[in-house]
Amino acid sequence: MIRSAILGRSVLNAMLRSPSAPAQKQIVRQGHAWSYRTAAPPHPKSVIIGSHLVGGFMWWWILWHLWHEPEHITGEFPYPDPSKWTSAELGIPPDDANE
């Protein structure tokens, strides 16, 4: 309903506008460096240093927690020994099941 009202209003405005009326101009914002088919401008040194600090902190956090809390990766409980499982536990039918 709302989309059709917006479409109808825009079509009506286009029909009522005189052909000599100037079209609406697009707003151009110059808020950042723009490069087309050229190399991008270099980052400021503060951005490079900040990114290295954040990346270093991230790797410290990951490696610290992997060293001190390996259960997040390996699991909380000890892994069972599969050689001690019985055939019934593994779902293997007895040898004389087909006879």
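The chain's secondary structure consists of four helices and zero strands. Along the sequence, the pattern reads α-α-α-α. This is a predicted model. Its mean pLDDT is 82. Of the 99 residues in the chain, 0% count as buried.

**Confidence**
- Residues with a pLDDT of 70 or more make up 87% of the chain.
- Helix α2, residues 45-68, has the highest confidence, at a mean of 97.
- Helix α1, residues 2-16, has the lowest, at a mean of 73.

**Surface**
- The chain exposes about 10,500 Å².
- Carbon and sulfur atoms supply 64% of that area.
- Which helix gives the most to the nonpolar patch? It is α2, with nine residues.

**Aromatic residues**
- The structure holds four aromatic pairs.
- One aromatic cluster is formed by Phe-57, Trp-60, Trp-61 and Trp-64.
- Trp-60 sits in helix α2.
- Is Trp-60 buried or partly exposed? Its relative accessible area is 44%, so Trp-60 counts as partly exposed.
- The reasoning rests on two cut-offs: buried means under 20%, and exposed means over 50%.

**Arg-37, in a loop**
- Arg-37 lies in the loop between α1 and α2.
- Its phi is near 60 degrees, a positive value in a residue other than glycine.
- Most residues other than glycine have a negative phi.
- Arg-37 has a relative accessible area of 74%, so this residue is exposed.

**Asp-81, in another loop**
- Where is Asp-81 found? It is in the loop between α3 (71-74) and α4 (87-90).
- Asp-81 has a relative accessibility of 38%, so it counts as partly exposed.
- Which side chain does the side chain of Asp-81 contact? It makes a polar contact with the side chain of Ser-83, at 2.9 Å.

**To recap**
- The chain has four helices and zero strands.
- Arg-37 is exposed, whereas Trp-60 is partly exposed and Asp-81 is partly exposed.

Methods. Residues are numbered from 1 along each chain as its sequence is written. This is a predicted model: local features need pLDDT of at least 70, side-chain atom pairs count only at pLDDT 80 or more; totals for chains, interfaces and linings use all residues. Side-chain values use heavy atoms; hydrogens and water are left out. pLDDT is the predictor's confidence in each residue, from 0 to 100. Helices (H or I, at least four residues) and strands (E, at least two) are DSSP runs, numbered from the N terminus. Buried means under 20% relative accessible area, exposed over 50%, partly exposed in between (1.4 Å probe, protein chains only). Accessible areas come from the Shrake-Rupley method with a 1.4 Å probe; for residues, only the protein chains shown count as cover. Rings of Phe, Tyr and Trp (its six-membered ring) pair if their centres lie within 6.5 Å; planes under 30 degrees apart count as stacked, over 60 as edge-to-face and the rest as tilted. A polar contact is a pair of N or O atoms within 3.5 Å; within protein, one must be able to donate a hydrogen and the other to accept it, and residues adjacent in sequence count only if both atoms are side-chain atoms.
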